[in-house]
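User: Please take a close look at the nonpolar core of this model and at the strands around it. I would like one connected account.

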Amino acid sequence: MAAAPILIRAQSQGERALVRVLMAHEMESGQRKDGDGRPIPAWHIHEVLVTLQGRPVLTMRWGPSVSKNPFLRFVLRGAKPGDRVGVSWTDTRGERRDAEAVVA
């Protein structure tokens, strides 16, 4: 897989920030078969980490049932304009992607 981006936006809403994240990933469950009837190996994001100003604030563990190109939307309390929100993921092949956004 080429370097798939993480698109992230963080918008201030008073004492909190609305964060939206789009992660490009195939998210193969391991239950489908290719055209020749052979199983396609499982390959999906299994860990997502969210940081605020470099400190972890949210960790998620995922399985094969999450859809292709997952989209997250959540609110972070205590985030102010200018703060940095980071998102990173690791998949079952050990590949890792991360991105950062400044709260606007």
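Analyst: The largest nonpolar core has 24 residues, and those with the most contacts inside it are V21, M23, V48 and V85; such a core is a set of buried Ala, Val, Leu, Ile, Met, Phe, Trp, Tyr and Cys residues joined through side-chain atoms within 4.5 Å, where buried means under 20% relative accessible area, exposed over 50% and partly exposed in between, with a 1.4 Å probe and protein chains only. At least two residues of this core come from each of β1 (6–12), β2 (16–23), β3 (45–52), β5 (71–77), β6 (84–91) and β7 (96–102), strands being DSSP runs of E with at least two residues, numbered from the N terminus. This is a predicted model, in which local features need pLDDT of at least 70 and side-chain atom pairs count only at pLDDT 80 or more, whereas totals for chains, interfaces and linings use all residues. Residues are numbered from 1 along each chain as its sequence is written, and side-chain values use heavy atoms, with hydrogens and water left out.

Turning to the sheets, β1, β2 and β5 form an open sheet of 3 strands in the order β1-β2-β5, with antiparallel pairing, two strands being paired if DSSP finds at least two bridges between them. Because β1 and β5 stand at the edges with a single partner strand each, one side of each is left without a neighbour in the sheet. From one strand to the next the twist averages 15 degrees, with axes being lines fitted to C-alpha atoms and angles running from 0 to 180 degrees between N-to-C directions. The antiparallel pairing of β2 and β5 extends over 7 bridges, and L18 stands opposite V75 in β5.

Another open sheet, of 4 strands, runs in the order β4-β3-β6-β7, again with antiparallel pairing; its edge strands, β4 (55–61) and β7, each pair on one side only, and its twist averages 15 degrees from one strand to the next. β6 and β7 pair in the antiparallel sense over 7 bridges, with R84 opposite V102 in β7.

A101 also lies in strand β7 and counts as buried because its relative accessibility is 10%. Leaving aside neighbours within four places in sequence, A101 is in contact with I8, D83, R84 and V85, while A101 and F71, 30 residues apart in sequence, are 16 Å apart in space, C-alpha to C-alpha.

Key
Contact = heavy atoms within 4.5 Å.
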